[in-house]
Amino acid sequence: MSLESTISEAIKTAMREKDRVALDSLRAVKAQIILLQTEARGAEVSAEQEIAILQRMIKQRKDSYDQFTAQGRTDLAEVEEAQSKVIEKFLPKQLSAEELESEIKKIISETGAQSIKDLGKVMGVASKALSGKSDGKSISAMVKKLLS
């Protein structure tokens with residue numbers, strides 16, 4: 001079952017349950033998928049593209065949450081956090097810190113990286129290999145930690 005059809009079913013469920021936060025979140029995701037399909041001129045949207053959409057939307061909501069919290073707008077921050085949690089349900093299982101460290105150690109040994117100078121080389125491979133399993137910020141922090 002594709003992400004679009006899964007989202008459509010979740011939208012129906014949210015409508016039945018009158019869950020406004022979930023409904024708004026899911027409609028936003030579906031709109032982004034449709035927009036991507038339109039830009040691709042009817043071509044099939046890949047799973048990687050769908051995951052990228054979800055990750056981008058979660059990142060936007062987390063950034064908004066941080067801004068609203070800094071401004072003392074907890075009412076708006078709570079909405080952003082709730083929407084982020086709804087969208088995260090459709091991502092593949094995220095790696096724990098230990099699993100992420102293990103994967104990055106493998107990548108470092110495969111690429112032969114020795115120091116922080118090899119950050120770009122490791123990040124390129126790690127970003128592709130761990131796409132959808134962890135966010136870029138976590139990957140970057142772990143790579144820097146292990147290379148320094």
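Contact here means heavy atoms within 4.5 Å. By that criterion, and leaving aside neighbours within four places in sequence, L54 is in contact with L3, V29, I87, F90 and L91.

The model is predicted: local features need pLDDT of at least 70 and side-chain atom pairs count only at pLDDT 80 or more, while totals for chains, interfaces and linings use all residues. Residues are numbered from 1 along each chain as its sequence is written, and side-chain values use heavy atoms, without hydrogens and water.

The protein chain has seven helices and zero strands, where helices (H or I, at least four residues) and strands (E, at least two) are DSSP runs numbered from the N terminus. An automatic or database domain assignment supplies the domain bounds: domain 1 covers 3-89 and domain 2 covers 97-147. Their centres, taken over C-alpha atoms, are separated by 27 Å.

A nonpolar core is a set of buried Ala, Val, Leu, Ile, Met, Phe, Trp, Tyr and Cys residues joined through side-chain atoms within 4.5 Å; buried means under 20% relative accessible area, exposed over 50%, partly exposed in between (1.4 Å probe, protein chains only).

| Core | Size | Residues included |
|---|---|---|
| Largest nonpolar core | 20 residues | I7, L26, V29, L54 and I87 (most contacts inside it) |
| Second, separate core | 13 residues | V122, M123, I139 and L147, among them |

To the largest nonpolar core, two or more residues each are given by α1 (3-17), α2 (20-39), α3 (47-70) and α4 (74-88). The largest share of this core, six residues, comes from α2.

Buried residues make up 31% of the 148 residues in the protein chain.
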